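Below is a short briefing on one protein model. Read it alongside the sequence and the 3D view.

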Amino acid sequence: MGVPDQLAERMSMAEQHEYLRARFSRRTMIRGGAVTLGAVAGGAFVPGAVAQAATPTRTFASAATVDGSLVAPFGRHLAYGADARTEMTISWQVPVAVKKPFVRIGAHPWDLSRKIEAEVRTLYTPAGVGASGDHTQYYVHAKLSHLKPGRTYYYGVGHQGFDPAEAHLLGTLGTFTTAPSHKEPFTFTAFGDQGVSYHGLANDSLILGQNPAFHLHAGDIAYADPAGQGKSADAGFDSRVWDQFLAQTESVAKSVPWMVSYGNHDMEAWYSPNGYGGEEARFTLPDNGPDKANLPGVYTFVHGNTAIISLDPNDVSFEIPANLGISGGTQTKWFEAQLKKYRASKDIDFIVVFFHHCAYCTSTAHASEGGVRQEWVPLFEKYTVDLVINGHNHQYERTDVIKGDKVVKKLPIGETAYPETEGVVYVTAGAAGRSLYAFTAPDSYEGHLNEVDSVASFINTKDGKVNETVAWSRVRYLNYSFLRVDVEPAARGHYARLKVSGIAETGDRIDHFTVARRAK
């Protein structure tokens, strides 16, 4: 079933891959017993817009026609379930349809006796959609539950003909660790706006070295849609960019839950009315968001003493209004309910919120989003949110302590904020890999201070851009970077701490500050 030896000697691996794709062409498929889209390997994902484009005459190979031993999984990525202590989803991709995909899992690499069936979500992009060719992607997901808190598991992904428990495939195994059942120190990392690039690879390599418990990706994930307006008229869309992105991030995401929120470049309008049909094929996120909000990227989870909340600012964005008002206000109501719940919990010290569009940023590109300030900033302040992480603007910027749109306390590098009595600190960490933007003020970061009293900027409002001059821009760094947060619990009545660091692609620290709160 492979490439004939006489051809293989003259062909590159890419050419051999294309040969095998042609070998299992539509004509061959029909002879082997074809199935229509939506009946591949135990389940499928067919968003409405794609289902219409891919009428029943469009056929794909029966899984029985493919030798599974020739097909290797790639693009593994993990995500916590709603209960990060006991639930994990393992996701991956295969280049062609396979039969009976599964996950093997165990406490040791030599003991993978537990075998769990997986679900395939098939995503078809017709030729003519943006720059895409006629392309089908096969995303596979296995949701694991009843795991033990704080436990490291070994796992392997496979399908009929490719069993990771076999000796020659043990090198394909991965690991993951569930969240603990009690308060203990841990680290997490965060950024936004990565895409596919050498800088993205460099950041991923550094992130892996931080040994994070999980990673937050604050929107604009792969940039398959480079226009980012959330419209079917967006030019340049190429679904194959996702193949590159998931392969790029696998070094981290195969062992670290890669928790995404959705930005404007993640609204791919060809797949579903809300633009998230493609994302729902690729990712399985916690399903505890607001009911009937049409926002699959809105969810929450808890790790130790810290609650994480992912929001979707496309719902409130004046700047890019493709999904403006899509939840009908249910997202904000849900968000406040989560804040109220976590602040009342004796087990939760810190609340960290991450999403794409910036509440406070002085970039010359997007700057600040008025919809976020209008809808959510009052809630950040009411419930004393400890840290807000954004992307959207391709740079690193960190504010002073803000309340009521004003600086209530300057926060120089190395200093401490007390949100219970002061206000909120906002970090834009959008320099994960895409081309960089610009500031109107000079860079000012650790080891290179250049502080100014005010910075010229603007805010996006329902009436358009409104200029503003701000005093809250404390740290500015115009190069590739990410965020590292070290969480330090404390005994009741003592100060628990978030130690936050901006880390450059070079490995240098460009910022650090502390958020402190009395432990419950």
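The axes of helix α5 (residues 198-209) and helix α6 (residues 241-253) cross at roughly 10° and come within 9 Å. The two helices are therefore roughly parallel to each other, a label for angles under 35 degrees, with over 145 counting as roughly antiparallel, 65 to 115 as roughly perpendicular and the rest as oblique. This is a predicted model, in which local features need pLDDT of at least 70 and side-chain atom pairs count only at pLDDT 80 or more, while totals for chains, interfaces and linings use all residues. Residues are numbered from 1 along each chain as its sequence is written, and side-chain values use heavy atoms, with hydrogens and water left out.

**The helix pair**
- Axes are lines fitted to C-alpha atoms, for helices over the stretch in contact, and angles run from 0 to 180 degrees between N-to-C directions.
- On the α5 side, the contact (heavy atoms within 4.5 Å) is made by Gly 200, Leu 201, Asp 204, Ile 207 and Leu 208.
- On the α6 side, Gln 248, Thr 249, Ser 251 and Val 252 take part.
- By class, the contact of α5 with α6 has 4 nonpolar, 4 polar and 1 charged residues.
- In this count Ala, Val, Leu, Ile, Met, Phe, Trp, Tyr, Cys and Pro are nonpolar, Asp, Glu, Lys and Arg are charged, and the others, Gly among them, are polar.

**The whole protein**
- The protein has 10 helices and 29 strands; helices (H or I, at least four residues) and strands (E, at least two) are DSSP runs, numbered from the N terminus.
- Of its 520 residues, 57% count as buried, meaning under 20% relative accessible area, with exposed being over 50% and partly exposed in between (1.4 Å probe, protein chains only).
- Among contacts between residues at least 6 apart in sequence, 72% join residues at least 24 apart.

**The nonpolar core**
- A nonpolar core is a set of buried Ala, Val, Leu, Ile, Met, Phe, Trp, Tyr and Cys residues joined through side-chain atoms within 4.5 Å.
- The largest one has 125 residues, and Phe 176, Leu 216, Phe 335 and Phe 380 have the most contacts inside it.
- Helix α6 gives the most to this core, with 6 residues.
- Leaving out residues up to four places away in sequence, Phe 176 touches several residues, including Leu 78, Met 88, Ile 105 and Tyr 155.

**A four-stranded sheet**
- An open antiparallel sheet of 4 strands has the order β6-β5-β9-β10; two strands pair if DSSP finds at least two bridges between them.
- Its edge strands, β6 (114-117) and β10 (174-177), each pair on one side only.
- Neighbouring strands here are turned by 30° against each other on average, direction ignored.
- Strands β5 (residues 102-106) and β9 (residues 152-158) run antiparallel and are joined by 5 bridges, and Ile 105 stands opposite Tyr 155 in β9.

**A three-stranded sheet**
- Another open sheet has 3 strands in the order β17-β24-β25, with mixed pairing.
- β17 (368-369) and β25 (464-470) each have a single partner strand, so one side of each is left without a neighbour in the sheet.
- β24 (residues 455-461) pairs with β25 in the antiparallel sense over 7 bridges.

**Strand β23**
- Strand β23 (residues 426-429) is covered on both faces: Tyr 426 and Thr 428 are buried on one side, Val 427 and Ala 429 on the other.
- β18 (residues 387-390) runs parallel to β23, with 3 bridges, whereas β19 (residues 396-399) runs antiparallel to β23, also with 3 bridges.
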